[in-house]
Amino acid sequence: MSTAEPLAGTEDFIQLVSSSGSEGEDEESLSQTEERWTANEDEDEDDEKEELPNGKRAAREAVASEGKSDRVREKCYNGQELPPWLRGHRRLGKGKWPDISDMINQEMKLFVQYISPTPEEHQMRLWVIERMQRVLDSMVLPDVEPQAQCFGSFETRLYLPTSDIDMTIMLYKRGASKPTVAPAYGTKEAVRRFLYTLAKYLKNSGFCRSCEVIAHARVPIIKTHEMITGIAVDISINADSGVQSAAVQKSFSDSVYPQALRSIVLVIKQFLAQRSMNEVYTGGIGSYAITLLAVSLLQMHPRILSGGLRPEDNLGILLIEFFELYGKRFNYDNVCISVLEAGQYLDKRRKGFYNIAQPYLLSIEDPCDTSNDVSKGTYGILRIKQTFGGAYDLINNAIFAYHQTRKHGEPINDTLRATAAHPSAGAGGGSGSHAARKRVKGSDGQAKAAPTSGVHFNNDPDALVSFLASILSVGPAVVRSREKLVNEFYKGTMQTVLGVKYQPNFTSLLPFSPSENSTTGDCDGATDDASKEQPVAESATTTTTSTATKTMSAQEKIATMSFDFSKSGDGGGGASASVINVSDSE
């Protein structure tokens with residue numbers, strides 16, 4: 001049976017580039033670099049004061065008075081704009097020459113802290129679901145008890161601030177001893193008719209301004225936006241398989257890899273979302289498949305299996321290895337991924353997932369229904385694979401550029417040197433540009449770049465560096481939409497509509513405490529307040545499960561979960577054949 005190639009030693013590479021080479025040579029290079037930084041320090045401070053508004057200038061001066069290392073920077077070491085998840089933070093890592101792997105790990109945590117929804121954002125989504133339930137309760141449905149249930153990324157807490165809410169309306173028979181779909185809504189035609197009726201109720205009740213009914217899809221849905229919050233909502237009918245897949249993801253993220261899986265998945269989702277590769281109906285890869293890919297990486301990683309690597313302490317390395325594995329090394333033509341039985345690689349042909357017309361497709365066995373290929377609709381996998389491979393190269397180039405700058409004052413490689421911002425765009429450190437650098441002839445008569453003194457880089461030993469900025473970005477539109485949602489929360493419009501008189505208890509969605517990261521100011525995303533609030537009642541089950549499995553190994557947890565998966569869904573009867581197979585698409 002063909003299997004994927006083993007992982008390359010990316011961690012060893014990180015360890016290599018984070019070291020400083022031979023001791024004597026490095027001490028001399030670092031001494032020269034430090035002298036340049038010191039000589040240009042006063043000039044850089046003057047430039048910073050000219051660029052900053054009065055308020056920030058005063059704050060900068062107040063912090064600077066406590067010492068050079070405590071100053072808040074507005075630009076990265078190479079003159080690029082500071083990404084929003086690093087604003088208000090000090091330099092990554094510890095010590096004068098921090099380990100690069102530690103820096104990437106800390107930046108991953110800061111990004112997750114930033115991109116995670118604030119308590120206000122999460123509560124507004126809960127109120128959207130409550131408002132939907134009230135619309136359902138107002139409908140006259142004889143012998144039917146409708147229930148709004150969420151699945152997908154919202155239920156698993158793996159959603160981005162701009163993600164929609166995936167919701168299914170279960171039309172249960174009223175008075176039944178166990179939840180059973182009402183016979184009147186057991187056919188697709190009945191479901192389609194109900195979708196049009198529901199769309200009319202939603203508009204008349206003021207839940208939304210308009211609805212798009214996609215009645216003839218494999219899984220008929222309504223696509224709409226809630227009027228007050230503007231949050232997108234996708235509504236299906238009686239699609240309980242989505243609820244089961246959400247339980248799978250939640251079990252992995254809460255119990256097996258509680259401090260690693262969520263961070264990796266959120267970064268991958270943002271990476272794909274900004275490239276429009278996160279929608280299955282356009283050939284992208286959905287949230288469920290992304291989660292299973294990350295779980296498989298953690299399950300099959302040899303150093304994690306041997307206990308030699310703690311996932312929560314090596315998030316950046318695992319992210320790089322994710323891009324390496326699925327962008328350069330994985331055997332898509334022959335291998336099927338399975339997360340059951342503690343993780344395994346299966347033969348696509350024996351599994352029955354091989355598509356002779358498209359042998360390159362990604363195949364992932366659905367742990368809820370082993371006959372279902374979760375990623376069979378991801379027809380754009382070749383483009384995604386290429387993008388993963390490109391991300392691996394970009395983030396490694398960013399590491400090399402920083403390492404060479406730290407050692408020599410600037411990258412010694414022309415390609416890496418070009419990553420610096422043009423001085424006219426605000427890069428610190430002098431004048432001149434890479435494009436305008438003079439060319440000189442070497443002893444062999446060939447033209448080569450003239451040596452420079454690091455003028456393209458910020459001559460500041462405490463300047464921030466972002467490796468994730470080489471592959472990730474958060475646009476102003478995302479920031480504005482988040483601010484709008486939080487403003488709506490404090491305006492109280494939704495509270496008035498629902499008649500809510502209390503201030504809700506907030507739950508932190510972070511797998512780690514934000515206090516682990518030293519901060520000097522607020523970020524635009526999640527704030528430290530999230531970690532100070534008390535958990536709401538709905539998290540009691542998760543807390544109990546986490547406590548009960550705390551002493552279990554990952555393999556024991558997975559074995560237990562596999563048993564639980566087979567019992568989820570239809571009241572303990574196992575994953576039946578009647579489950580609607582949603583290939584990561586609602």
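E4 and E5 form a hairpin with six residues between them, and Gly 230 in the turn has a positive phi of about 75°. Strands (E, at least two residues) are DSSP runs numbered from the N terminus. The model is predicted: local features need pLDDT of at least 70, side-chain atom pairs count only at pLDDT 80 or more, and totals for chains, interfaces and linings use all residues. Residues are numbered from 1 along each chain as its sequence is written, and side-chain values use heavy atoms, leaving out hydrogens and water.

Student: How many residues of strand E5 are buried?

Tutor: E5 spans residues 232-237. Buried means under 20% relative accessible area (1.4 Å probe, protein chains only). Ala 232, Asp 234 and Ser 236 are buried on one side, and Val 233, Ile 235 and Ile 237 on the other.

Student: Does E2 run parallel or antiparallel to E5?

Tutor: Two strands pair if DSSP finds at least two bridges between them. Five bridges join E2 (residues 165-173) to E5. Asp 166 stands opposite Asp 234 in E5. The two strands run parallel.

Student: Which residue stands opposite Val 233 in E5?

Tutor: Look to strand E4, residues 221-225. Five bridges join E4 to E5, and the two run antiparallel. Opposite Val 233 stands Thr 224.

Student: What percentage of the protein's residues count as buried?

Tutor: The protein has 20 helices and nine strands. Helices here are DSSP runs of H or I, at least four residues. Of the 586 residues, the buried share is 53%.

Definitions and conventions:
Buried < 20%, exposed > 50% of the residue type's maximum accessible area, 1.4 Å probe, protein only.
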